Amino acid sequence: MSSEVYDCIVIGAGIQGSCTAYHLAKNNKTTLLLEQFVLPHSRGSSHGQTRIIRKAYEQDFYTHMMEESYELWAQLEKEAGIRLFSRTGLLVMGPEDGKNFQLIKSSLQRNKVPSVELQRHRFSQHIPNVNLAAGDGALVDSTAGVLYADRAVRAAQMIFQARGGIIKDGQKVVHIQPGAVVTVTTGSDMYKARSVVITAGPWASTLLSLTGLELPLRVLINVCYWKEKVPGSYSIRNRFPCFIQLEPKEAEHDIYGLPSNEYPGLMKVCYHMGSETDPDERDGRMDRADVDAVGCYIRRCFPGLVPVPAVVESCLYTITPDRHFVLDRHPAYSNIVIGAGFSGHGFKFSPVVGKVLCELSMGQVPSYDLSPFSIRRFQGHRRSAL
Ligand SMILES: Cc1cc2nc3c(=O)[nH]c(=O)nc-3n(C[C@H](O)[C@H](O)[C@H](O)COP(=O)(O)OP(=O)(O)OC[C@H]3O[C@@H](n4cnc5c(N)ncnc54)[C@H](O)[C@@H]3O)c2cc1C
């Protein structure tokens, strides 16, 4: 057992834990980042090469957080000397009179986010190889683009270590003993800290149960790549944008995609939902119906893609009932802080998430109103032992 008492132990070295550790180290806090797998790994939610970054959201509080997030991504890029972002724009398509399309449109206008509305008769001039469905409107969030996910995780960990932070991987946390000094036990060692941040992604429920807390989190699985009939027609090199299709007629939830990049000639198009799984029993669990629904959508709207997936991988979403994150202190132990339930859209926020989790762990007032992310909102759902 190490005799050192850290200022903070962060549990989970995905993007949220890595960014939290990065901010703690920048605030000169002695910090230990614990990870159950040997790094890098592809068993959680932060692996893979790309994620969408955008300001287009229905809710202003996300758009406001993204203002700072873009700045912090640029700062991390500079510090690490690694390119983390490519601007491509984000095409938002959806029923023109639908609630979500209108909310995004008004939020973009209200928040003065550089964006354009594409008129139907000029749509194919701007966006070739896509069929805009009858009744759908189209907007482009010009600030949006692609984040290079694996590189971003590495960059945050690299700067954290350069500032004296310690990463111990291959160390699964199996016990947490709350107190003014929290004791964290892994399979092979025991550590102590004045505060703990839990950023365990799909394993959040398992970790939180060690502290007597249950949250309504569900784990889902998906990711598919689709082959371009003409290589390059939807590629990042040709500046094809990321896209979100709201309310597709083939499925209950949105479908989104990123230009071909990581696998040349293959475009990532996914269902923004998935089949429920256990993070430790996930292999082979993907629901064929989800893949088929995306295939039908592709046949109708992306005629330049082969509507049968070329690559099916797995990545885990951890969703809350309202799809908003959990950023809060533990209701019983104020020095245990929780970042969870990122609901398939948390990557782009991670520099800001890391900043607020760091503030909470240092006992400071967070820079943002965290009421949309509070644990209290689950009171009806929560089956807590507390
Ligand atoms: C297919 C897919 C597409 C997505 N697309 C986007 C997108 O376009 N834009 C966007 O913004 N977001 C997107 N997201 C969401 C985003 O990737 C996630 O919100 C984010 O990666 C969550 O990070 P995390 O750190 O919370 O979880 P994780 O990356 O899973 O990290 C949690 C870590 O905790 C570790 N851990 C768990 N239990 C223990 C333990 N007992 N002891 C030690 N370590 C432990 C795990 O091994 C893991 O490394 C997408 C997600 C998926 C799956």
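In this tour, a residue is called buried when its relative accessible area is under 20%, exposed when that area is over 50%, and partly exposed in between, as found with a 1.4 Å probe on protein chains only. The structure is a predicted model, in which local features need pLDDT of at least 70 and side-chain atom pairs count only at pLDDT 80 or more, while totals for chains, interfaces and linings use all residues. Residues are numbered from 1 along each chain as its sequence is written, and side-chain values use heavy atoms, with hydrogens and water left out.

**First stop: helix α2**

Select Met-65, which is found in helix α2; helices (H or I, at least four residues) and strands (E, at least two) are DSSP runs numbered from the N terminus. Met-65 has a relative accessible area of 1% and is therefore buried. Contact here means heavy atoms within 4.5 Å, and Met-65, not counting residues up to four places away in sequence, touches Leu-327, Phe-349, Val-352, Tyr-368 and Phe-373.

Stay in helix α2, which covers residues 60-80, and move to Ser-69. Because its relative accessibility is 0%, Ser-69 counts as buried. Once its neighbours within four places in sequence are left aside, Ser-69 is in contact with Lys-348, Phe-349, Pro-351 and Val-352.

**Second stop: the two domains**

Colour the protein next by its domain assignment, which gives domain 1 (5-46 + 150-214 + 322-378) and domain 2 (90-142 + 218-319); such bounds come from an automatic or database domain assignment. The contact takes 12 residues from domain 1 and 14 residues from domain 2. Taken over C-alpha atoms, the centres of domain 1 and domain 2 are separated by 30 Å.

A residue is near a molecule if one of its heavy atoms lies within 4 Å of it, and of the 37 residues around the ligand, Glu-35, His-41, Ser-46, Ile-52 and Cys-315 come nearest.

Show the secondary structure around the ligand, where α1 (15-26), β3, β13 (218-228) and β18 (305-319) each supply at least two residues of the shell. The largest share, 3 residues, comes from β18. The residues of the shell divide into 18 nonpolar, 15 polar and 4 charged, where Ala, Val, Leu, Ile, Met, Phe, Trp, Tyr, Cys and Pro count as nonpolar, Asp, Glu, Lys and Arg as charged, and the others, Gly among them, as polar.

A backbone N or O atom of Gln-36 lies 2.9 Å from a nitrogen atom of the ligand, and a backbone N or O atom of Ser-45 lies 2.9 Å from an oxygen atom of the ligand. At Gly-344, a polar backbone atom is 3.3 Å from a nitrogen atom of the ligand. Taken alone the ligand exposes 1000 Å², and the protein buries 97% of that.

Select His-47, which lies in the loop between β2 (31-34) and β3 (50-53). Is His-47 buried or exposed? With a relative accessible area of 15%, His-47 is buried. Its side chain reaches the backbone oxygen of Ser-314 at 3.2 Å, and, not counting residues up to four places away in sequence, His-47 touches His-41, Ser-42, Asp-150, Ser-314 and Cys-315.

Pro-40 also has its place in the loop between β2 and β3. A cis peptide bond joins Leu-39 and Pro-40, with omega at about -5 degrees.

**Last stop: two residues with positive phi**

Most residues other than glycine have a negative phi, and most peptide bonds are trans. Go to Asn-129, in the loop between α4 (123-126) and β7 (136-141), which has a positive phi of about 70 degrees although it is not a glycine. Asn-129 is partly exposed, with a relative accessible area of 35%.

Finish at Glu-247, in the loop between β14 (242-245) and β15 (255-258). Glu-247 has a positive phi of about 45 degrees although it is not a glycine, and at 40% relative accessibility Glu-247 counts as partly exposed.

Note on methods: A polar contact is a pair of N or O atoms within 3.5 Å; within protein, one must be able to donate a hydrogen and the other to accept it, and residues adjacent in sequence count only if both atoms are side-chain atoms. Accessible areas come from the Shrake-Rupley method with a 1.4 Å probe; for residues, only the protein chains shown count as cover.
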